2 protein chains.
Amino acid sequence: MTVTPMRRDDAVDTGGARAARLAIRAGAHRGPTAGLAPGYVQGNLAVLPKALAADFLRFCQLNPKPCPLIGLSAPGDGRVPELGEDLDIRTDIPRYRVWKNGELVAEPEDVREFWRDDLVSFVIGCSFSFEEALMADGIEVRHIALGRNVPMYRTSVQTQAAGPFHGPMVVSMRPMSPADAIRAVQITTRFPAVHGAPVHIGKPELIGIRELAKPDYGDAVPVGDDELPVFWACGVTPQSVIATVKPEFCITHYPGSMLVTDRKNSEFAIM
Amino acid sequence: MTVTPMRRDDAVDTGGARAARLAIRAGAHRGPTAGLAPGYVQGNLAVLPKALAADFLRFCQLNPKPCPLIGLSAPGDGRVPELGEDLDIRTDIPRYRVWKNGELVAEPEDVREFWRDDLVSFVIGCSFSFEEALMADGIEVRHIALGRNVPMYRTSVQTQAAGPFHGPMVVSMRPMSPADAIRAVQITTRFPAVHGAPVHIGKPELIGIRELAKPDYGDAVPVGDDELPVFWACGVTPQSVIATVKPEFCITHYPGSMLVTDRKNSEFAIM
């Protein structure tokens, strides 16, 4: 199989989440969803057979910072109405990854042909929501300013295990001045459903990160001498944990191609 | 003149703020007020002639983090009823400092004999309130654990000037693990009237502090390799600024001997 390079169609109306989702469903928008439907929550996707769903649900509940669950389907049902009345998990993401026994077997733009009656969909909050709030406050988000993917790192911090699901927490990193780091704690604390407050500040070695310049996922970004690296629990954690379990079947979103929902970021602010 | 060593009378009932204040007024409690009337707000005192009061009030309003004003008297009036119905600035603090033209001229236990009709009293919030909230959350406050005064530093950060009042911000420092530092930002953000969130984390050199082991006021405390120094704007700032102005007359509290008020710390939490 081949990996289609990410690209962004400019024809899409980014004014509304539903419009964006319809464009994705129709194949009119392909590639990354960053910047699509500003103000609306985007989500990470994990689809698992019912036999594993109860354990994975417990895993999310035990690890709300890396795995903030914002949507959950009934078995076999592609709909998640709490995130969008018309939303269909099987068609509404630009690109998917399909896994069998831990092996990547396809990266389709539609998963209807892979669908099964026992599949449960988990939608997990994503940092796009709090990054929007940070930027609205005038805080530079380095990887966005540089047009890169956020740098992510596997840490020495273990998640709380549930059934077969266990493994290290993955974190994303954004460098900031100390004053911005304090402000970022305040801002992201308002958004517990999208990872919430940072899990670590300032000393990467304490959480098992040896070299900031060598992220395990995403792209490196420069960190100034007058800046602190600020770390948030990352939605890649559940994907990384699922990969360890090697479930007989699993669907995830293609990195950067998220589920665009009808929920507003502001709805997720607890105050 | 001699400086009376600080001591704490054990006979005082610390259950209520008013009881503590009456004991102080009667001379039954002398010395530091730390630990007295737990749960009640204590304040820093600055008393200035009316001629300087308008400028100093503006200074406080321009610099709410180091100078959070929680009480203000009418000229010549020793009462500040918003902080305690019976409260009298002239008798209710265990020990005072009286200054003339910037010179310390007395450290009395009562300032009635120094009182003038043109004096305005400013009561400024104090970190005792947020330290109580930090400890209630299980966060170690190092200088309290070690039985020392909090280490304080003059910074390179300038306050906003008002009339003759200007000068560097003074900060207090508490070392914490990165996780506790994040939690401490969340907790102290709730208390803007008592200095609020930290003003700096992690890189003392960026705010002009050369050596953590050599505080400008208070006592040094150890900072572990796995900890970050966390800095809060400090109520010593206004005293340091007033000292620069050398007003013809001024009264402050003796360090550590604060004004015990009837306001509860929890009242000052904005959420």
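Predicted model: local features only at pLDDT ≥ 70, side-chain atom pairs only at ≥ 80, totals over all residues.
Residues are numbered from 1 along each chain as its sequence is written, with chains lettered from A and ligands numbered from 1 in the order in which they are written.

**View 1. Chain A meets chain B.** The contact (C-beta atoms, placed from the backbone, within 7 Å) takes 17 residues from chain A and 17 residues from chain B. On the chain A side, helix 5 (178-189) gives the most, with seven residues. Helices here are DSSP runs of H or I with at least four residues, strands are E runs of at least two, and both are numbered from the N terminus. Strand 8 (200-201) of chain A also supplies at least two residues.

**View 2. Inside the largest nonpolar core.** This core has 143 residues, and Val47(B) is among those with the most contacts inside it. A nonpolar core is a set of buried Ala, Val, Leu, Ile, Met, Phe, Trp, Tyr and Cys residues joined through C-beta atoms within 7 Å. Leaving aside neighbours within four places in sequence, Val47(B) touches residues including Ile89(B), Leu119(B) and Cys250(B).

**View 3. Around Asn265(B).** You'll find Asn265(B) in the segment after strand 11 (259-264) of chain B. Asn265(B) counts as buried because it has 21 C-beta neighbours inside 10 Å; the cut-off for buried is 20 or more other C-beta atoms within 10 Å, with C-beta atoms placed from the backbone. Not counting residues up to four places away in sequence, its contacts include Tyr40(B) and Glu132(B).

How values were computed: Buried ≥ 20, exposed ≤ 12 C-beta atoms within 10 Å, placed from the backbone. Contact = placed C-beta atoms within 7 Å.
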